[in-house]
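These are my notebook entries on a structure that I looked up.

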Amino acid sequence: MTDLSKYRNIGIFAHVDAGKTTTSERILKLTGKIHKTGEVHDGAATTDFMEQEQERGITIQSAATSCFWKDHRLNIIDTPGHVDFTIEVYRSLKVLDGGIGVFCGSGGVEPQSETNWRYANDSEVSRIIFVNKLDRTGADFYRVVEQIRDVLGATPLVMVLPIGIEDQFIGAVDLLTRKAWVYNDPNDPLNYEITEPPEDMKDKIEEWREKLVETAVEADDDLMEKYLEGEEISIDELKACIRKGTINLNYFPTYCGSAFKNKCIQMVLDAVVDYLPDPTQVQPQPEVDLEGNETGAVATVDANKPLRSLAFKIMDDRFGALTFIRIYSGTLNKGDTVLNTFTGKTERIGRIVEMHANDRIELESAQAGDIVAAIGLKNVQTGHTLCDPNKPATLEPMIFPDPVISIAIAPKDKGASEKLGIALGKMIKEDPSFRIETDEDSGETIMKGMGELHLDIKVDILKRTHGIEVIVGSPQVAYRETVTQRVEDSYTHKKQSGGSGQYAKIDYIIEPGEPGSGFMFESTVTGGNVPKEFWPAVESGFKKSMVKGVLAGYPCLDFKVNLFDGAFHAVDSSAIAFEIASQAAYRQTMPKAGPQLMEPIMKVDVYTPEDHVGDVIGDLNRRRGMIKAQESNATGVRIKAEAPLSEMFGYIGTLRTMTSGRGQFSMEFLNYAPCPRNVAEQVIEETKVREEAKKK
């Protein structure tokens, strides 16, 4: 049996451009997994193997790889930083035990770092922090440490101090041993020496070492007592204590370096081994029933227990569909039959492979704690549980956000429709935040996603990977509708045409719900005027109707229906009659309840050089943006705002023009808010025109 204490399942996550992929490359080089380092800016990084990733210099899908450091096995996932692909970060964090949060030494805590940090907090993942790019102009390790404390509300445990800064950066001092790691050759990570630190840093080292010890011993009462009594604490005792505090999320060991210049990566790898948990030290995954309620049972990490594993990513490549699986308990062998609890069907494991980016090594079996890929699974999707057919159980599933933007696509070659359908089917399996709908009236194929870049990449994948050229319509915003007034109403459905008839009468109230509450239904009928068996039919009728609002046909949100009275006929009433009655009641009452159009509001973070701040703010105001905060740092100004998605199309082009190519921004969905009347009227008018055009 494999020794699980020597396993580390870790992810690397950060804001776009903080250096995640470069850090991954250096780790793979140091651990002997690759012999030539590929650079992101040359499009040659190992884990960025999609053409689109190499061209754009960004990571789009998380890549998995394994390597060894000091006889420990590291399963590493390099995740994307761009906000349109946060789904990849979310689902990777869900299956990892620890993480490395990479922050840019000059950019500090950037917008996407906050989102990823929040995801990691939600998933209760232990982390170490790596402040990268200390060789860059404007880098400031101490400022980034302060930002981590202030912006993220986290406690950084500073483990090293940088020697020099910007182009003078040559290494770091390890505060535990008080030794300096000095790197002499930026191209050779192994060319370094461990020496005494510079004389002028002695006081600073003692000051920060004391802070380190004070914070660390808080995780262990016995050590705390020893420290307060003035006894010396050994390095081994401190390390054990820091490991305990890190696993309990009390603090986050913080390192610094320059991945691009090969400096201080060994210290980060040592920290992964020393402080991040092995699979047995994290909270076991809770098991749930088919309704999603926790059963109280957990999947304990143990190779001898029944199989419990989670499919967290589907990837289609030239050899067929790969299903990435995290095994929580039990053992998985080649040729095994496993049960998919979501579909209720069994699947056969054809082959098991260990992935190194897009290369693979065949395995006979894998066990609890492993992250592997299986080949040959037919109906498995992201978030499905694969388990022992004789002892079934479901693990807590993943929840994915709804898309906020859509475009219509059609193949240029009319004969490629079937090919397009197959390609889109594969893409939906790979990415749960990507959806496809067919417009019933026009027959158009509608692609829905998390942002412009997201859909842009999908169109690119259709063209390059699947060889399908498509015509793309202009982007459409996913508006919603709601009600603003309480209305009490009644509807009677009668149909008599020989034979048994249909009869249903409902008295009901429709009223606005709390923002984000969705659709709520309750019945307060007394005295059996509407028998209990018909209540679900009434709810179902309203639920089916809410997908089409009365203003412009967008789905209706956040309203409550209370069925308080009605009548039925002993012979003519049926569930169908009550469902038809509630559908007609919806159409009758919604126009009276003050219907209102809601638009998606985005949280926008803009970075701009100081001399362009006025232009950027003016432009955001013109886009109906609300400025929420402004923060200056060494490299420019960060502006936080909220703005409607409909006004933000093509924003990156405008921002680059205004800031001479130096501005950057990120945007994520925040909430739905009422549309101003003039905008609502325009949207409703445009919808009518589109509907008319479809009919013709």
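I call a residue buried under 20% relative accessible area, exposed over 50%, and partly exposed in between (1.4 Å probe, protein chains only).

Entry 1, basis. I worked on a predicted model, in which local features need pLDDT of at least 70 and side-chain atom pairs count only at pLDDT 80 or more, while totals for chains, interfaces and linings use all residues. Residues are numbered from 1 along each chain as its sequence is written, and side-chain values use heavy atoms, with hydrogens and water left out.

I noted 16 helices and 38 strands in the protein; helices (H or I, at least four residues) and strands (E, at least two) are DSSP runs, numbered from the N terminus. Of the 696 residues, 55% are buried. The accessible surface comes to about 30,100 Å², and carbon and sulfur atoms hold 48% of that; areas come from the Shrake-Rupley method with a 1.4 Å probe, and for residues only the protein chains shown count as cover. I then looked up contacts (heavy atoms within 4.5 Å). Among those between residues at least 6 apart in sequence, 72% join residues at least 24 apart.

Side chains of opposite charge can pair when their charged atoms come close. I counted a salt bridge where a side-chain nitrogen of Lys or Arg is within 4 Å of a carboxyl oxygen of Asp or Glu. How many salt bridges does this rule give? The count comes to 28.

I looked up Asp 270 and Lys 70, whose closest N and O atoms are 2.8 Å apart in a salt bridge. This pair links distant parts of the chain, 200 residues apart: Asp 270 belongs to helix α9 (residues 265-275), and Lys 70 to the loop between β2 (63-69) and β3 (72-78). Asp 270 is buried because its relative accessible area is 14%.

Lys 412 bridges to Glu 469, with 3.8 Å between the closest N and O atoms. These two also link distant parts of the chain, 57 residues apart, from the loop between β25 (405-411) and α10 (417-430) to the loop between α11 (452-464) and β28 (470-472). I have Lys 412 as exposed, at 53% relative accessibility, and Glu 469 as partly exposed, at 41%.

Glu 539 forms a salt bridge with Lys 543, the closest N and O atoms being 3.9 Å apart. Both lie in helix α12 (residues 535-545), 4 residues apart, about one turn of the helix. Lys 543 is partly exposed, at 46%.

I also found Glu 599, Arg 624 and Glu 647 linked in a network of salt bridges.

Which value does phi of Arg 178 take? Phi is positive, about 60°, although Arg 178 is not a glycine. Arg 178 sits in the loop between β8 (171-174) and β9 (179-183) and is partly exposed, at 32%. Asn 262, likewise other than glycine, has a positive phi near 65°. I placed Asn 262 in the loop between β11 (252-256) and α9, where Asn 262 counts as buried because its relative accessible area is 8%.

I found Arg 308 in strand β14 (residues 308-317) and buried, at 8% relative accessibility. From Gln 285, Arg 308 is 23 residues apart in sequence and 9.4 Å apart in space, C-alpha to C-alpha.
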